[in-house]
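Welcome, and thanks for taking a look at this one with me. Please open the model and keep it in view while you read my notes.

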Amino acid sequence: MYSGFLSVLEDKASPAHSTVTLIEEEQEDADPWDMPELKDTGVPWSALDTRGKVLRVLVSVGKFILLLGFLYMFICSLDILSSAFQLVGGKAAGDIFQDNTVLSNPLAGLVIGVLVTLLVQSSSTSSSIVVSMVSSGLLTVQLAVPIIMGTNIGTSVTNTLVAMTQAGDRSTFRRAFAGATVHDFFNWLSVLVLLPLEVITGYLYVVTKLIIDSFKIESGEAPDLLNVITDILTESIIQLDESIISGIATGDPEARNKSLIKKWCQTFTNTTLMNVTVPGPENCTSPSLCWVDGNYTFTLKNISETYNVQKCKHLFVNVNLPDLAVGLILLALSLLVLCSCLILIVKLLNSMLKGQVAAVIKKILNTDFPFPFGWVTGYIAILVGAGMTFIVQSSSVFTSAITPLVGIGVISIERAYPLSLGSNIGTTTTAILAAMASPGDTLANALQIALVHFLFNISGIILWYPIPFTRLPIRLAKSLGNITASYRWFAAIYIIFFFFILPLFIFSLSLAGWQVLVGVGAPLVVILIIIIVINILQKRKPGCLPAALRSWDFLPLWAHSLAPWDKVVGVITAKCCCCCKCCQISADDQEPRDKESVGNNNTEVYDNPAMSAEKETCIGHAQGQNTFRQNS
């Protein structure tokens, strides 16, 4: 795949306009996955006087406080982002859950779990909707299992999007994107194995049912850990009534016309025994509480009336805007704050983690225990990931926080993998505690669904972690990291395809019925398996294949290489940039000609030769326009 790309660049681009030679030299000298050395360019500690040492300590403390502040804002922005997605797509998520005929298809249930979690950006919210539907009898626990699997996949998109903010540096982006997608591959591979197993045997349902029946579990209270700190800020910005989404999913007609934005934070419900008229004696609450007066039948009935006591105090409580408008406003602001905080966190970490400090931290995080206990290190990392996720109460927050650390080289991919697995366990333990806080009538269902989520992740870890050979997600993530480092636009294609196009495609086939799903999906799966097998044989045992299949050269270049597509993307990007630059150059036609000539003679470096060619065309076109204007 890469050979065609490199040969095209070498033939058509001059050395001044291509960095391929530099990249190849770097790759020959060092493994791109080696941990980079964060060198300390400042004055050594021993060379500082007393005033300099005090100043450095104060600066370091100040940076640490700033780091905590930016991390706090980062976590709060993720919370606001989740609220924004719920405002934009929460009611649509409730509508998706309403079609029970589609939910009876396990594959459709899986996809619905992915799509709903993408819409609300919270696996906890998705799970709470499922619990509400199971408790109301609209959904059985067996049908809810694939949906829970889907929520596990949908929640992993957040840290993948966070990795996109580090696309500026090729090496950093390679590590960050691989560190984020190792979580994705674990979830997808676990589903590929466990979903068919669940459909055939009901393994997750049966085991969790035995656990629920074996223990008499009483309801309690779920702990608030990090939320105690973050709610101070987030609840002053927006508060949502998440029961509205559950109401829509369970078919409550009144919920559809209500706003998700919470207006009243304190209410009082008064229940009074009142005389009411009913159509007939059969509608009375009790024969002893029923009497007839002429043509009217009366009975005594408890009437509940809710009074609004105190309004909420968030920013949007008195704003007369629809949920969609408020959601879009919060979405834009939260994304701005999130990206800004992430960039500043990375900058601060780069300035703090240098020299001996970086060496110590990297050694603590990435060094294994001495032989023969080296295998224990990964399991301790899993426990650390679970504990940290339990504290922050969100796997998205934890994995998004370690993604930039992987990018700058503080944490290796091999260590980020067990930390991500631990975050999956941590978020399910939080869900179990939240389920135990459920009312008595919904406790069993809520707890069983939370245990399904927990057992699913434990089973995935057993499949893809204990034996080094089975750690396939690491190899797949590194392969994808190498591709996205060479073709950075492919990262966006990956996110759009695997988290939007593929789920929507499967969901559309599911709506058409089992026959269409099998008729279209089965041939595609068979073709995909054949391609994977041929690829493996080409690398390991090419002699087993016919001569024609020992490489993909018999296919057109665009069918087995990203290089032609990279040219297309480069040309489109150059065209867009050209239009902007042409307008800019035309507007600056009053500038001296010597500046223009100096600008044209400057040597610029491009990864894609189409960029340089298009720029020269653009400048020539703009100069032609200027000449025409001067002559006229």
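Here are my notes, point by point.

1. A word before we start: this is a predicted model, so please read each point below as a description of that prediction.

2. Let's begin inside. The largest nonpolar core has 108 residues. Those that touch the most other members are Leu 139, Met 149, Ile 238, Leu 330, Ile 411, Tyr 417 and Phe 499. Helix H9, which spans residues 170-201, gives the most to this core, with 13 residues. As background, nonpolar side chains in soluble globular proteins tend to be buried together.

3. Leaving aside residues up to four places away in sequence, Phe 499 touches Leu 115, Leu 118, Ile 153, Ser 156, Val 157, Asp 184, Trp 188 and Tyr 494.

4. Now for the outside. Which residues form a nonpolar patch on the surface? They are Phe 369, Phe 373, Trp 375, Tyr 379, Ile 380, Val 384, Met 388 and Ile 391, and together they have about 770 Å² of accessible area. To find Phe 369, go to the loop between helix H14 (355-366) and helix H15 (374-392). Phe 369 has a relative accessible area of 40%, so it counts as partly exposed.

5. How many salt bridges does the structure hold? There are 2. One of them joins the side chains of Asp 213 and Lys 209, at 4.0 Å from N to O. Both residues sit in helix H10 (residues 203-214), and because they are 4 residues apart there, about one helical turn separates them. Asp 213 is exposed at 52% relative accessibility, while Lys 209 is partly exposed at 33%.

6. In another salt bridge, the side chains of Glu 414 and Lys 478 meet at 2.7 Å, N to O. Glu 414 belongs to helix H17 (residues 413-436) and Lys 478 to helix H19 (residues 472-486), so this pair ties together parts that are 64 residues apart in sequence. Glu 414 is partly exposed, with a relative accessible area of 37%.

7. Finally, have a look at the strands. Strand E1 (residues 264-278) pairs with strand E3 (residues 296-311) in the antiparallel sense, over 14 bridges, and Thr 269 stands opposite Thr 306 in E3. Strand E2 (residues 290-293) also runs antiparallel to E3, with 4 bridges joining the two. Here Trp 291 has Phe 298 in E3 as its bridge partner. E2 and E3 form a hairpin with 2 residues between them, and Gly 294 in the turn has a positive phi of about 70°.

Key: Residues are numbered from 1 along each chain as its sequence is written. This is a predicted model: local features need pLDDT of at least 70, side-chain atom pairs count only at pLDDT 80 or more; totals for chains, interfaces and linings use all residues. Side-chain values use heavy atoms; hydrogens and water are left out. A nonpolar core is a set of buried Ala, Val, Leu, Ile, Met, Phe, Trp, Tyr and Cys residues joined through side-chain atoms within 4.5 Å. Buried means under 20% relative accessible area, exposed over 50%, partly exposed in between (1.4 Å probe, protein chains only). Contact means heavy atoms within 4.5 Å. Patches are made of residues with over 30% relative accessible area and no salt bridge: like charges are joined within 9 Å, nonpolar side chains (Val, Leu, Ile, Met, Phe, Trp, Tyr) within 5 Å. Accessible areas come from the Shrake-Rupley method with a 1.4 Å probe; for residues, only the protein chains shown count as cover. Two strands pair if DSSP finds at least two bridges between them.
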